[in-house]
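Let's take a walk through this model, starting with a pocket and ending with a pair of helices.

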Amino acid sequence: MPSQPSTAYLDAMREGIERRARRARAQAPAPEEGEAYPGQHRAWERVAQAGEALRGDLRDLAFDLHDHPEEAFEERHAARSIAALLRAHGHEVEVGVGGLDTALRAEHRAPGFDPQRDPTVAILAEYDALPGIGHGCGHNIIAAAGVGAFLAASRSAGAARGRVVLLGTPAEEGHTGKEYLIRAGAFEGIDAAMMVHPFSFDLAEHAWVGRRTLTATFHGVAAHASSEPFMGRNALDAATLAYQGFGLLRQQMPPSDRLHAVITEGGQRPSVIPDTATMTIYVRSLMARTLGDLSERIDAVLDGAALMAGVEVSKEWDGHPASLPVRNNRALAARWTATQERRGRRALPGGVVPDTLAASTDFGNVSHLVPGIHPMVKIAPEGVALHTRAFAEYARSEEAVDAAVDSAIGLAQVALDALGEPALLKAAREEFEAAGGVLRTE
């Protein structure tokens with residue numbers, strides 16, 4: 001039997017999170033009673049009423065997607081179900097946008113909308129599932145929240161200028177569907193983007209690391225391993241050296257970097273020196289620049305391993321486009337926090353949950369194109385991890401429905417504020433530019 005890893009580090013980390021969360025909750029200011037712009041309170045109340053009226057539809061959608069999990073690029077049932085709900089509420093829907101069969105788009109325009117003058121806010125919905133465990137990341141709740149936010153904002157827009165766009169973005173799990181949509185022009189004309197992700201905490205912002213994928217293939221010379229081993233050049237030796245090199249490299253990596261590798265091919269028979277060996281590698285980092293730095297180190301390790309073994313190496317970076325780290329926009333995140341206060345949720349600020357407790361998402365690519373937020377909403381007890389069967393069970397619960405409704409209302413309120421309050425969108429844009437402006441994976 002394998003030995004079980006100690007939980008000491010996780011226990012200490014959770015104790016630290018609980019301590020910081022208690023302090024943040026105690027120190028958080030009460031919601032401001034004043035209006036950021038004339039009519040904000042009335043607009044927020046209209047959104048809240050519209051969101052609550054959608055509860056039944058959002059519950060049905062979330063549970064339907066949960067009962068019919070579909071992996072990346074195969075989300076046909078999900079796209080049909082979402083499109084049907086949008087059409088039932090009077091919206092035109094385009095399915096198959098950006099060259100992706102399961103991507104979709106709907107929009108609501110204010111009367112007299114002028115794309116050269118008026119702003120556009122995009123609300124995003126994901127709906128792909130994981131192999132084997134279905135919605136262990138809760139994308140069915142992301143979809144319900146995004147669709148609900150679009151419908152609530154459309155019903156409540158009133159005199160708000162501008163346009164609200166719903167983008168259904170497939171293939172987040174293990175892929176980068178949003179980057180394909182970016183390259184196809186689906187985000188042209190968008191001024192800000194937002195979505196929400198279920199979690200075991202309510203967070204206004206959280207760290208999401210960038211990710212690149214790499215397939216490295218070593219090419220050597222086959223030989224009989226007993227009679228003429230000296231006539232071979234062992235590709236598996238190179239893969240093994242590279243794997244060990246990665247292990248040694250970790251000592252010099254920043255604590256927020258992550259590196260994972262497996263050898264997927266290393267020969268067929270022990271009596272033959274392998275002439276081919278293949279590795280699949282994930283490279284992750286908290287910043288785009290450090291993601292590039294780590295990628296260069298990986299290239300050097302692979303080249304060095306090939307040189308030592310006397311073989312060649314071919315490298316295929318990013319068979320699917322890279323995911324960039326999420327750039328959280330604090331101006332918009334602060335408004336999200338205010339919306340959730342009114343829903344009885346205390347969205348914890350950044351830093352409460354350590355940056356090392358981070359995964360990757362293709363929303364990072366969107367957040368480097370326009371100002372964006374990707375808050376987290378609590379649907380499960382603290383300590384229940386994403387990508388587990390336990391989390392999948394919570395994604396089909398009444399608590400998850402409550403979270404979808406609260407999130408739909410919050411996203412719609414932030415979206416309408418961004419349209420109706422020029423100062424908010426201006427602050428979000430200035431913060432975005434100060435953080436580096438547009439960055440594209442190409």
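How do the residues of the lining of the largest pocket divide into nonpolar, polar and charged? They split into 19 nonpolar, twelve polar and ten charged, where Ala, Val, Leu, Ile, Met, Phe, Trp, Tyr, Cys and Pro count as nonpolar, Asp, Glu, Lys and Arg as charged, and the others, Gly among them, as polar. Keep in mind that this is a predicted model, with local features needing pLDDT of at least 70, side-chain atom pairs counting only at pLDDT 80 or more, and totals for chains, interfaces and linings using all residues. Residues are numbered from 1 along each chain as its sequence is written, and side-chain values use heavy atoms, leaving out hydrogens and water.

The largest pocket holds about 890 Å³ of space. Of its 41 lining residues, Ala358, Ala359, Ala385, Leu386 and His387 are the closest to its centre. (A pocket is an open set of points on a 1 Å grid over the protein atoms alone, where a 1.4 Å probe fits, with protein on both sides within 12 Å along at least five of seven lines; lining residues have an atom within 4 Å of a point.) Helix 1 gives the most to this lining, with five residues.

Now for the helix pair. Helix 3 (residues 55–67) and helix 4 (residues 76–88) pack at about 170 degrees, their axes 10 Å apart, and are therefore roughly antiparallel (an angle over 145 degrees). Asp57, Leu61, Asp64 and Leu65 of helix 3 meet His77, Ala78, Ser81, Ile82 and Leu85 of helix 4, with contact meaning heavy atoms within 4.5 Å. Those contact residues comprise five nonpolar, two polar and two charged.

Methods:
Axes are lines fitted to C-alpha atoms, for helices over the stretch in contact, and angles run from 0 to 180 degrees between N-to-C directions. Helices (H or I, at least four residues) and strands (E, at least two) are DSSP runs, numbered from the N terminus. Angles under 35 degrees count as roughly parallel, over 145 as roughly antiparallel, 65 to 115 as roughly perpendicular and the rest as oblique. Grid points are joined across faces, edges and corners, and a volume is the space filled by probe spheres set on the points.
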